[in-house]
Amino acid sequence: MTREFTCIVCPNGCDIKTEIKVGQDGKHEICSIDGALCARGEVYVKQELTDPRRSIATSVLVKGGVLPLASVRLTNSIPKDRILDAVTEIKRCSLTAPVFSGTVIIKNILGYNSDVIVTKEVPASEK
Ligand code: SF4
């Protein structure tokens, strides 16, 4: 079967066309691959076929800060089908200013060896 992918590993976003065979054991075999500008494209396709993963960047509420939100992101990608669960868990958090970049707000989210860290500092507001 033919399958097309857009590689998300780098900003080039290569459109990759593949011919894939599925064996009786359910495993995918890539028969041909076209359109990837580098070898990471094939690694990405193999990952998509076996264990698709994504990372996310979002924000959490900050109390008493000069900004109402602090941006956060995952340190490692997690299974694509658990992204909504991760967002739900992150949205339960709120922080109190000052908030420092790099602070871990959730360790090992959903057990996938990925932490949620702050990516934008939010100083406390002066009263
Ligand atoms: S195949 Fe290589 S160059 Fe193309 S988007 Fe993926 S990582 Fe970037």
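A word on the ground rules: residues are numbered from 1 along each chain as its sequence is written, and side-chain values use heavy atoms, with hydrogens and water left out. As the model is predicted, local features need pLDDT of at least 70 and side-chain atom pairs count only at pLDDT 80 or more, while totals for chains, interfaces and linings use all residues.

Let's start with helix H1, residues 40-50. Helices here are DSSP runs of H or I with at least four residues, strands are runs of E with at least two, and both are numbered from the N terminus. Which residues of H1 are buried? They are Gly41, Tyr44, Val45, Glu48 and Leu49, where buried means under 20% relative accessible area, exposed over 50% and partly exposed in between, with a 1.4 Å probe and protein chains only. Looking down the axis of H1, these buried residues fall within an arc of 135°, so they line one face of the helix; the arc is taken from the directions from the helix axis to the C-beta atoms. On the face turned away from that buried side we find the exposed Val43 and Thr50. The buried residues pack against strands S1 (2-6), S2 (15-22), S3 (28-34) and S4 (53-54), with contact meaning heavy atoms within 4.5 Å.

Now the sheet. Five strands form an open sheet in the order S8-S5-S6-S10-S9, with mixed pairing; two strands pair if DSSP finds at least two bridges between them. S8 (94-96) and S9 are at the edges with a single partner strand each, so one side of each is left without a neighbour in the sheet. S5 (residues 57-63) and S8 run parallel, joined by three bridges, and Lys63 stands opposite Thr96 in S8. Helix H2, residues 83-91, packs on this sheet, touching S5, S6 (69-74), S9 and S10. The direction of H2 makes about 15° with that of S5, using lines fitted to C-alpha atoms, for helices over the stretch in contact, and angles from 0 to 180 degrees between N-to-C directions.

Next, have a look at Ser114, in the loop between S9 (104-106) and S10 (116-118). Ser114 counts as buried because its relative accessibility is 0%. Beyond residues up to four places away in sequence, Ser114 touches several others, among them Leu74, Asn76 and Ile109.
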